[in-house]
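Here is a briefing on a two-part question: how is the chain divided, and what lies between the parts? Please keep the structure open while reading.

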Amino acid sequence: MLHTIHFLELKYLCLFIVIIEEMASSRLRFLHTKCRNAVYPRSNDLVQRFPVPDDKVNWDVKWEEYNPVDFTAPFIKNQIWADPEISDVTFKPQWNFVDGNINRQSFDGKYKIVKSYPLNIYGRTGISGRGVLGRWGPNHAADPIVTRWKRDETSKVIVDNHKKLPILQFVAIKRRDSGEWAIPGGMVDPGEVITSTLKREFLEEALNVLEKNESEKVTINNELNEFFSQGEEIYKGYVDDPRNTDNAWMETVAMHFHDESGSTVGSLNFCAGDDAVGVQWLDLSKELSLYASHSSMIEKIAAKMKCSW
(Lines give C-alpha, C1' and ligand atoms only; values in the text may rest on other atoms or scores of the structure.)
Protein backbone atom coordinates (compact mmCIF):
# COMPACT_ATOMS: atom_id res chain seq x y z
CA MET A 1 0.00 0.00 0.00
CA LEU A 2 2.78 2.43 0.98
CA HIS A 3 4.66 1.60 -2.21
CA THR A 4 1.53 2.47 -4.22
CA ILE A 5 1.14 5.81 -2.43
CA HIS A 6 4.80 6.73 -2.98
CA PHE A 7 4.52 5.72 -6.64
CA LEU A 8 1.47 7.97 -7.12
CA GLU A 9 3.19 10.86 -5.35
CA LEU A 10 6.22 10.47 -7.60
CA LYS A 11 3.99 10.22 -10.67
CA TYR A 12 2.16 13.47 -9.86
CA LEU A 13 5.42 15.21 -9.00
CA CYS A 14 6.86 14.27 -12.39
CA LEU A 15 3.67 15.45 -14.10
CA PHE A 16 3.87 18.77 -12.25
CA ILE A 17 7.50 19.25 -13.32
CA VAL A 18 6.60 18.54 -16.96
CA ILE A 19 3.79 21.11 -16.85
CA ILE A 20 6.09 23.76 -15.36
CA GLU A 21 8.76 23.04 -17.96
CA GLU A 22 6.22 23.28 -20.77
CA MET A 23 4.99 26.62 -19.43
CA ALA A 24 8.55 27.93 -19.25
CA SER A 25 9.45 26.69 -22.72
CA SER A 26 6.29 28.19 -24.22
CA ARG A 27 7.31 31.55 -22.78
CA LEU A 28 10.75 31.20 -24.35
CA ARG A 29 9.22 30.27 -27.71
CA PHE A 30 7.09 33.44 -27.75
CA LEU A 31 8.95 36.34 -29.34
CA HIS A 32 7.49 39.78 -28.99
CA THR A 33 8.13 41.73 -32.18
CA LYS A 34 6.01 44.88 -32.21
CA CYS A 35 7.74 46.12 -29.07
CA ARG A 36 11.11 45.82 -30.80
CA ASN A 37 10.31 48.26 -33.60
CA ALA A 38 13.09 50.76 -34.25
CA VAL A 39 11.23 53.92 -33.22
CA TYR A 40 9.41 54.19 -29.89
CA PRO A 41 5.81 55.51 -30.27
CA ARG A 42 4.79 59.01 -29.18
CA SER A 43 8.41 60.15 -28.97
CA ASN A 44 8.32 62.36 -32.09
CA ASP A 45 10.58 59.77 -33.74
CA LEU A 46 13.41 60.86 -31.44
CA VAL A 47 13.73 57.69 -29.36
CA GLN A 48 15.32 54.76 -31.17
CA ARG A 49 15.33 51.30 -29.62
CA PHE A 50 18.59 49.41 -29.27
CA PRO A 51 18.30 46.65 -31.94
CA VAL A 52 17.47 43.28 -30.35
CA PRO A 53 17.78 40.20 -32.60
CA ASP A 54 15.53 37.20 -31.96
CA ASP A 55 18.29 35.16 -30.35
CA LYS A 56 19.02 37.89 -27.79
CA VAL A 57 15.47 38.56 -26.55
CA ASN A 58 15.64 36.06 -23.68
CA TRP A 59 17.14 37.54 -20.50
CA ASP A 60 18.92 34.24 -19.85
CA VAL A 61 21.09 34.81 -22.91
CA LYS A 62 24.19 36.74 -21.85
CA TRP A 63 24.73 39.90 -23.87
CA GLU A 64 27.32 42.28 -22.47
CA GLU A 65 26.94 44.69 -25.39
CA TYR A 66 23.26 45.30 -24.65
CA ASN A 67 22.82 49.04 -24.06
CA PRO A 68 19.12 50.01 -24.20
CA VAL A 69 18.04 53.63 -24.44
CA ASP A 70 16.46 54.83 -21.19
CA PHE A 71 13.21 56.70 -21.79
CA THR A 72 10.25 57.73 -19.68
CA ALA A 73 8.00 60.29 -21.34
CA PRO A 74 8.06 63.64 -19.49
CA PHE A 75 4.25 63.80 -19.35
CA ILE A 76 4.19 60.60 -17.24
CA LYS A 77 6.02 62.11 -14.31
CA ASN A 78 3.96 63.33 -11.34
CA GLN A 79 0.69 62.10 -12.86
CA ILE A 80 -1.77 60.81 -10.26
CA TRP A 81 -2.34 57.64 -12.33
CA ALA A 82 1.37 56.87 -12.71
CA ASP A 83 4.04 55.37 -10.45
CA PRO A 84 6.85 57.54 -9.07
CA GLU A 85 10.43 56.96 -10.17
CA ILE A 86 12.12 53.86 -8.76
CA SER A 87 14.63 56.18 -7.08
CA ASP A 88 11.87 57.84 -5.04
CA VAL A 89 12.50 56.73 -1.43
CA THR A 90 8.76 56.86 -0.69
CA PHE A 91 7.98 54.38 -3.49
CA LYS A 92 7.90 50.87 -2.04
CA PRO A 93 6.00 48.68 -4.51
CA GLN A 94 5.02 45.11 -3.70
CA TRP A 95 6.24 43.43 -6.88
CA ASN A 96 4.35 40.32 -8.04
CA PHE A 97 1.51 41.02 -5.60
CA VAL A 98 -1.68 43.04 -5.42
CA ASP A 99 -0.26 46.25 -3.97
CA GLY A 100 -3.13 48.01 -2.21
CA ASN A 101 -5.59 48.63 -5.05
CA ILE A 102 -2.92 48.28 -7.76
CA ASN A 103 -2.41 44.87 -9.32
CA ARG A 104 1.33 44.31 -9.80
CA GLN A 105 0.91 40.62 -10.62
CA SER A 106 1.52 39.34 -14.13
CA PHE A 107 -1.03 37.00 -15.68
CA ASP A 108 1.87 35.03 -17.15
CA GLY A 109 3.83 34.25 -14.00
CA LYS A 110 6.39 35.79 -11.70
CA TYR A 111 8.75 38.39 -13.17
CA LYS A 112 12.26 39.15 -11.96
CA ILE A 113 13.43 42.24 -10.11
CA VAL A 114 17.00 43.31 -10.93
CA LYS A 115 18.56 46.33 -9.20
CA SER A 116 15.08 47.36 -7.99
CA TYR A 117 13.63 47.31 -11.54
CA PRO A 118 11.07 44.77 -12.82
CA LEU A 119 12.18 42.96 -15.98
CA ASN A 120 9.83 42.45 -18.92
CA ILE A 121 8.52 38.92 -18.49
CA TYR A 122 9.13 38.10 -22.18
CA GLY A 123 12.58 39.59 -22.57
CA ARG A 124 14.50 42.51 -23.99
CA THR A 125 12.84 45.30 -25.97
CA GLY A 126 15.73 47.67 -26.70
CA ILE A 127 14.51 50.39 -24.35
CA SER A 128 14.47 50.75 -20.56
CA GLY A 129 12.36 52.98 -18.34
CA ARG A 130 8.58 53.20 -18.64
CA GLY A 131 8.20 54.83 -22.04
CA VAL A 132 4.64 56.17 -22.08
CA LEU A 133 3.25 53.59 -19.64
CA GLY A 134 2.18 54.65 -16.17
CA ARG A 135 3.18 51.61 -14.13
CA TRP A 136 6.47 49.84 -13.65
CA GLY A 137 5.99 46.16 -14.43
CA PRO A 138 2.61 45.00 -15.77
CA ASN A 139 0.09 47.62 -16.90
CA HIS A 140 -3.34 45.98 -16.93
CA ALA A 141 -5.92 46.68 -19.61
CA ALA A 142 -9.27 45.25 -20.71
CA ASP A 143 -10.40 44.73 -24.31
CA PRO A 144 -14.10 44.23 -25.18
CA ILE A 145 -14.49 42.41 -28.51
CA VAL A 146 -18.03 43.16 -29.68
CA THR A 147 -19.32 41.22 -32.68
CA ARG A 148 -22.37 40.77 -34.92
CA TRP A 149 -23.15 38.85 -38.11
CA LYS A 150 -22.81 40.82 -41.32
CA ARG A 151 -26.26 41.09 -42.94
CA ASP A 152 -27.68 42.24 -46.25
CA GLU A 153 -30.56 44.70 -46.73
CA THR A 154 -33.06 41.91 -45.96
CA SER A 155 -31.28 41.12 -42.66
CA LYS A 156 -30.01 37.80 -44.02
CA VAL A 157 -26.56 36.77 -42.79
CA ILE A 158 -23.99 37.18 -45.57
CA VAL A 159 -21.88 34.12 -46.41
CA ASP A 160 -18.39 34.30 -47.92
CA ASN A 161 -18.68 32.93 -51.48
CA HIS A 162 -15.32 31.16 -51.43
CA LYS A 163 -15.15 29.83 -47.88
CA LYS A 164 -18.89 29.13 -47.58
CA LEU A 165 -18.84 30.49 -44.04
CA PRO A 166 -20.80 33.39 -42.51
CA ILE A 167 -19.03 36.75 -42.18
CA LEU A 168 -18.60 38.10 -38.66
CA GLN A 169 -17.91 41.76 -37.87
CA PHE A 170 -16.39 43.43 -34.82
CA VAL A 171 -16.36 46.99 -33.54
CA ALA A 172 -12.98 48.59 -34.22
CA ILE A 173 -11.55 52.01 -33.50
CA LYS A 174 -8.83 53.77 -35.45
CA ARG A 175 -6.22 54.83 -32.91
CA ARG A 176 -5.24 58.47 -32.87
CA ASP A 177 -1.61 57.75 -31.88
CA SER A 178 -0.70 55.14 -34.52
CA GLY A 179 -3.48 55.26 -37.10
CA GLU A 180 -4.01 51.49 -36.72
CA TRP A 181 -7.34 49.74 -36.29
CA ALA A 182 -7.77 48.23 -32.84
CA ILE A 183 -10.17 46.75 -30.31
CA PRO A 184 -11.64 49.64 -28.25
CA GLY A 185 -10.02 48.79 -24.91
CA GLY A 186 -8.18 50.67 -22.20
CA MET A 187 -6.50 50.65 -18.82
CA VAL A 188 -8.04 49.14 -15.71
CA ASP A 189 -8.32 51.82 -13.03
CA PRO A 190 -6.91 51.01 -9.56
CA GLY A 191 -9.40 48.83 -7.71
CA GLU A 192 -11.73 48.63 -10.72
CA VAL A 193 -13.49 45.37 -11.59
CA ILE A 194 -12.58 44.11 -15.08
CA THR A 195 -16.22 43.87 -16.17
CA SER A 196 -16.69 47.56 -15.37
CA THR A 197 -13.57 48.48 -17.37
CA LEU A 198 -14.77 46.56 -20.42
CA LYS A 199 -18.09 48.38 -20.54
CA ARG A 200 -16.63 51.78 -19.64
CA GLU A 201 -13.95 51.62 -22.32
CA PHE A 202 -16.41 50.58 -25.02
CA LEU A 203 -18.77 53.42 -24.11
CA GLU A 204 -15.95 55.96 -24.04
CA GLU A 205 -14.09 54.90 -27.18
CA ALA A 206 -16.85 53.64 -29.49
CA LEU A 207 -19.79 55.79 -28.35
CA ASN A 208 -17.96 58.86 -26.98
CA VAL A 209 -20.22 58.73 -23.93
CA LEU A 210 -18.12 61.32 -22.08
CA GLU A 211 -19.53 63.97 -24.43
CA LYS A 212 -23.15 62.91 -23.85
CA ASN A 213 -25.53 64.64 -21.47
CA GLU A 214 -26.61 62.83 -18.30
CA SER A 215 -29.91 61.67 -19.77
CA GLU A 216 -28.17 60.14 -22.80
CA LYS A 217 -25.59 58.44 -20.58
CA VAL A 218 -28.31 56.82 -18.47
CA THR A 219 -30.17 55.60 -21.57
CA ILE A 220 -27.07 54.07 -23.17
CA ASN A 221 -25.99 52.44 -19.91
CA ASN A 222 -29.40 50.88 -19.38
CA GLU A 223 -29.49 49.57 -22.95
CA LEU A 224 -26.10 47.87 -22.65
CA ASN A 225 -26.08 46.65 -19.02
CA GLU A 226 -27.42 43.19 -19.82
CA PHE A 227 -25.35 42.87 -23.00
CA PHE A 228 -22.07 43.49 -21.17
CA SER A 229 -22.97 41.07 -18.38
CA GLN A 230 -22.73 38.06 -20.72
CA GLY A 231 -19.18 38.10 -22.03
CA GLU A 232 -16.77 35.20 -22.46
CA GLU A 233 -13.04 35.43 -21.77
CA ILE A 234 -11.01 34.96 -24.95
CA TYR A 235 -7.52 35.88 -23.81
CA LYS A 236 -5.69 36.82 -20.63
CA GLY A 237 -2.00 37.68 -20.61
CA TYR A 238 0.89 39.59 -22.14
CA VAL A 239 0.34 41.92 -25.09
CA ASP A 240 2.98 42.50 -27.76
CA ASP A 241 2.43 46.25 -27.56
CA PRO A 242 4.74 48.83 -29.20
CA ARG A 243 4.72 50.80 -25.93
CA ASN A 244 6.39 47.98 -23.97
CA THR A 245 9.84 48.47 -22.49
CA ASP A 246 12.31 46.36 -20.53
CA ASN A 247 10.69 47.55 -17.30
CA ALA A 248 7.03 48.18 -18.18
CA TRP A 249 4.63 46.22 -20.36
CA MET A 250 0.99 45.73 -21.29
CA GLU A 251 -1.21 42.81 -20.26
CA THR A 252 -4.92 42.43 -20.91
CA VAL A 253 -8.12 40.50 -20.40
CA ALA A 254 -10.04 40.24 -23.68
CA MET A 255 -13.74 39.39 -23.46
CA HIS A 256 -16.10 38.49 -26.29
CA PHE A 257 -19.60 40.00 -26.43
CA HIS A 258 -21.76 38.82 -29.33
CA ASP A 259 -24.94 40.49 -30.58
CA GLU A 260 -26.58 37.50 -32.28
CA SER A 261 -29.58 39.36 -33.70
CA GLY A 262 -27.74 42.61 -34.35
CA SER A 263 -30.48 44.53 -32.58
CA THR A 264 -28.57 45.68 -29.49
CA VAL A 265 -25.10 47.05 -30.25
CA GLY A 266 -25.67 46.43 -33.94
CA SER A 267 -28.21 49.23 -34.09
CA LEU A 268 -26.19 51.89 -32.25
CA ASN A 269 -24.72 54.98 -33.88
CA PHE A 270 -21.00 55.00 -33.18
CA CYS A 271 -18.94 58.08 -32.41
CA ALA A 272 -15.18 57.94 -31.78
CA GLY A 273 -13.90 59.06 -28.38
CA ASP A 274 -10.79 61.11 -27.57
CA ASP A 275 -8.28 58.31 -28.21
CA ALA A 276 -9.70 57.48 -31.65
CA VAL A 277 -10.22 59.18 -35.00
CA GLY A 278 -12.72 56.65 -36.30
CA VAL A 279 -14.97 53.76 -35.29
CA GLN A 280 -16.81 51.21 -37.43
CA TRP A 281 -17.72 47.56 -37.96
CA LEU A 282 -14.92 45.59 -39.63
CA ASP A 283 -15.16 42.11 -41.17
CA LEU A 284 -13.04 39.51 -39.41
CA SER A 285 -10.21 38.62 -41.76
CA LYS A 286 -6.66 37.32 -41.51
CA GLU A 287 -5.75 40.08 -43.96
CA LEU A 288 -6.44 42.74 -41.32
CA SER A 289 -3.42 44.43 -39.78
CA LEU A 290 -4.38 45.41 -36.25
CA TYR A 291 -2.68 47.13 -33.33
CA ALA A 292 -0.47 45.14 -30.91
CA SER A 293 -1.68 41.53 -30.40
CA HIS A 294 -5.26 42.26 -31.45
CA SER A 295 -5.12 40.12 -34.61
CA SER A 296 -4.43 36.97 -32.58
CA MET A 297 -7.38 37.77 -30.30
CA ILE A 298 -9.69 38.25 -33.29
CA GLU A 299 -8.47 34.95 -34.73
CA LYS A 300 -9.61 33.19 -31.54
CA ILE A 301 -13.07 34.69 -32.06
CA ALA A 302 -13.16 33.42 -35.65
CA ALA A 303 -12.35 29.89 -34.51
CA LYS A 304 -14.96 30.04 -31.76
CA MET A 305 -17.74 31.38 -34.00
CA LYS A 306 -16.83 29.19 -37.02
CA CYS A 307 -16.97 32.18 -39.34
CA SER A 308 -15.04 33.29 -42.40
CA TRP A 309 -11.40 34.13 -41.66
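The chain is assigned domain 1 (33-139) and domain 2 (141-305), with bounds from an automatic or database domain assignment. This is a predicted model: local features need pLDDT of at least 70, side-chain atom pairs count only at pLDDT 80 or more, and totals for chains, interfaces and linings use all residues. Residues are numbered from 1 along each chain as its sequence is written, and side-chain values use heavy atoms, with hydrogens and water left out.

**Domain interface**

- The centres of domain 1 and domain 2, taken over C-alpha atoms, are 27 Å apart.
- Contact (heavy atoms within 4.5 Å) involves 38 residues of domain 1 and 25 residues of domain 2.
- The two domains bury about 2400 Å² between them, and carbon and sulfur atoms give 55% of that area. Buried area is the accessible area (1.4 Å probe) lost on putting two parts together, summed over both.
- Zero salt bridges are counted between domain 1 and domain 2. A salt bridge needs a side-chain nitrogen of Lys or Arg within 4 Å of a carboxyl oxygen of Asp or Glu.
- Polar contacts link 25 residue pairs across this interface, both residues at pLDDT 80 or more. A polar contact is a pair of N or O atoms within 3.5 Å; within protein, one must be able to donate a hydrogen and the other to accept it, and residues adjacent in sequence count only if both atoms are side-chain atoms.

- β5 (117-118), β6 (127-131) and β7 (137-149) each supply at least two residues to the side that touches domain 2. Strands are DSSP runs (E, at least two residues), numbered from the N terminus.
- β6 gives the largest share, five residues.
- This side of domain 1 has 19 nonpolar, 12 polar and seven charged residues; Gly counts as polar.

**Salt bridges in the whole structure**

- The whole structure has 16 salt bridges.
- One of them joins the side chains of Lys150 and Asp283 (2.9 Å, N to O).
- Lys150 sits in the loop between β7 and β8 (168-175) and Asp283 in strand β13 (residues 276-283), so this pair ties together parts 133 residues apart in sequence.

Conventions. Helix = DSSP H or I, 4+ residues; strand = E, 2+ residues; numbered from the N terminus.
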